[in-house]
Amino acid sequence: MGISQAMNIGVSGLNASATALTVVSDNIANVNTTAFKANSVRFGDLVAGYYSTLSQDSDREGSGTAIMGIVTEFAQGPLISTTRWSDVAINGEGFFSLQVPGATKVYYTRDGSFHMDKDGYLVNELGYRVLNRDGNAIKVDNPSDPSFSNYYVDSNGQIWGTPTDPSQVVIYAANANQSPKAYGSVYIKDPVNSDVTITLNDATQLVLTVGQDNTFHLQFNTDTDGDGEMDAFQGAINLSEFSLTDVDLDGDGNIDIFGISPNAEPGYYTIADVSATLASGNNWTKDNWMATSNDPQPVLNAQLRVSTFANNNGLIRQGNNLFTQGPESKFPIHGTANDGIRGNVFSSTIEGSNVDIAKEMVNMITYQASYNANSKTITTSAELLNTAVNMVR
């Protein structure tokens with residue numbers, strides 16, 4: 001091995017150490033970046049020819065070091081509470097999906113710093129729209145005429161809100177693995193002893209049976225004639241407690257409870273009318289009921305998509321806390337939060353950077369020492385070369 005080769009090896013060490021210090025600097029600079037994932041350097045040795053020795057073994061001659069790759073560490077970052085309902089964080093596996101309005105390219109991120117824009121869409125700080133479980137942009141509400149207030153996001157990534165209109169009914173499957181339900185409520189002020197029919201503004205009818213046992217939707221809870229036996233129903237009806245489709249309770253293949261509206265379509269509705277027969281025999285009027293939809297309802301088509309990849313390190317870093325699919329990441333596997341594979345979602349929470357500042361400081365010291373040592377090999381090689389040159393003077 002020549003003296004000049006020793007100098008070149010020192011240069012490779014300088015370059016590798018400088019790159020490593022660059023990665024450490026990037027990590028430290030992003031210690032407060034939302035959902036930032038720290039990077040680490042992987043070194044590899046370089047081999048050239050063979051050492052000039054008397055050994056019969058093939059002793060390969062080293063020729064320095066090089067950066068084999070920079071690996072992103074996708075470990076969970078700390079969860080930090082905020083005061084904004086639309087700030088969300090994934091506790092576990094998965095990425096949120098984003099899209100520039102009018103474009104088709106999909107970006108993936110762990111940064112859930114979202115908010116509702118002027119058009120009611122859920123967007124990130126760059127204005128990229130957040131996608132729902134069907135791959136469409138999530139429109140939360142109409143800001144000029146809101147249907148909800150007091151929004152929050154549940155652990156499955158579904159956005160909920162309190163309806164501003166007590167007569168509002170939402171028919172929707174709030175989770176991808178559930179059947180649709182009707183969300184809304186009415187209060188029956190006076191005892192009734194017949195089916196309660198709730199008619200929505202598009203003429204869809206929700207029919208709830210009234211009787212004495214659990215094969216009826218509403219059980220008798222009022223004794224109207226004083227004989228000690230319940231013979232009528234009176235009180236609150238929470239529609240989400242009942243199945244829209246027929247139910248087989250005992251699994252014998254027979255219907256035990258009829259669905260309250262098997263053909264109802266997902267959408268936003270209002271209660272137009274409620275009808276039933278009063279146990280007193282008097283005529284039924286609007287004064288015998290009232291709409292009381294004051295409990296949270298799911299926002300239509302507003303369950304966040306959560307995507308996973310076979311190889312997270314195959315994702316391509318794009319800056320602004322965004323990644324795109326790469327050739328080594330394989331195709332995204334789309335789903336929803338809290339499904340047994342993907343993590344659950346926290347509302348009013350963001351994920352912090354997973355940079356370990358103490359570890360980075362230790363790495364900085366190590367790489368600085370390596371840089372100094374490699375520079376020393378260069379100066380020492382230069383001194384040896386100078387000695388050789390001076391021999392012929």
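**Salt bridges, sheets and a buried strand residue**

Reader: Let us begin with Asp26: what is the relative accessibility of this residue?

Author: Asp26 has a relative accessibility of 26%, so this residue counts as partly exposed. Please note that the model is predicted.

Reader: Which residue does Asp26 form a salt bridge with?

Author: The partner is Arg317, and the closest N and O atoms of the pair are 3.2 Å apart. Arg317 is likewise described as partly exposed, because its relative accessible area is 44%.

Reader: Which parts of the chain does that pair tie together?

Author: Asp26 belongs to helix α1 (residues 3–29), whereas Arg317 belongs to strand β24 (residues 316–319); the pair therefore ties together parts that are 291 residues apart in sequence.

Reader: How many salt bridges are there by this rule?

Author: The count comes to eight. One of them joins the side chains of Arg84 and Asp87, with an N to O distance of 2.9 Å.

Reader: And that pair, Arg84 first: buried or exposed, or in between?

Author: Arg84 is partly exposed, at 31% relative accessibility. Asp87, in contrast, has a relative accessibility of 6% and so counts as buried.

Reader: What about Arg342: which residue is its salt-bridge partner?

Author: Arg342 pairs with Asp339, and their closest N and O atoms are 2.5 Å apart. Arg342 is the buried member, at 8% relative accessibility, while Asp339 is partly exposed, with a relative accessible area of 33%.

Reader: Which residues do salt bridges with shared partners join into one network?

Author: Lys37, Arg110 and Glu351 are joined in that way.

Reader: A change of topic. Ile350: which strand is it in?

Author: Ile350 is in strand β28, which covers residues 349–351.

Reader: Is Ile350 buried or exposed, and why?

Author: Ile350 is buried, because its relative accessible area is 16% and the cut-off for buried is under 20%.

Reader: Which residues does Ile350 touch?

Author: Leaving aside residues up to four places away in sequence, Ile350 touches Thr34, Pro78, Leu79, Ile80, Thr82, Asp87, Val88, Ala89 and Ser113. Asp87 is the residue that meets Arg84 in a salt bridge.

Reader: How far is Ile350 from Gln99, C-alpha to C-alpha?

Author: Their C-alpha atoms are separated by 20 Å, and the two residues lie 251 residues apart along the chain.

Reader: Now the sheets. What is the strand order in the open sheet of three strands?

Author: The order is β19-β14-β21, and the pairing is antiparallel. The edge strands, which pair on one side only, are β19 (233–238) and β21 (289–291). On average, neighbouring strands of this sheet are turned by 10 degrees against each other, direction ignored.

Reader: How many bridges pair β14 with β19?

Author: Strand β14, residues 185–192, pairs with β19 over five bridges in the antiparallel sense. Within that pairing, Ile188 has Gly235 of β19 as its bridge partner.

Reader: And the open sheet of five strands: what is its order?

Author: That sheet runs β13-β12-β20-β15-β16, also with antiparallel pairing. Its edge strands are β13 (181–183) and β16 (205–208). Neighbouring strands here are turned by 35 degrees against each other on average, direction ignored.

Reader: How many bridges join β12 to β20?

Author: Four bridges join β12 (residues 168–172) to β20 (residues 267–275), and the two strands run antiparallel. Val169, for instance, has Tyr269 in β20 as its bridge partner.

Conventions
Residues numbered from 1 in each chain as written. Predicted model: local features only at pLDDT ≥ 70, side-chain atom pairs only at ≥ 80, totals over all residues. Heavy atoms only, no water. Pairing = 2+ DSSP bridges. Axes fitted to C-alpha atoms, helices over the stretch in contact; angles between N-to-C directions. Buried < 20%, exposed > 50% of the residue type's maximum accessible area, 1.4 Å probe, protein only. Contact = heavy atoms within 4.5 Å. Salt bridge = Lys/Arg side-chain N within 4 Å of Asp/Glu carboxyl O.
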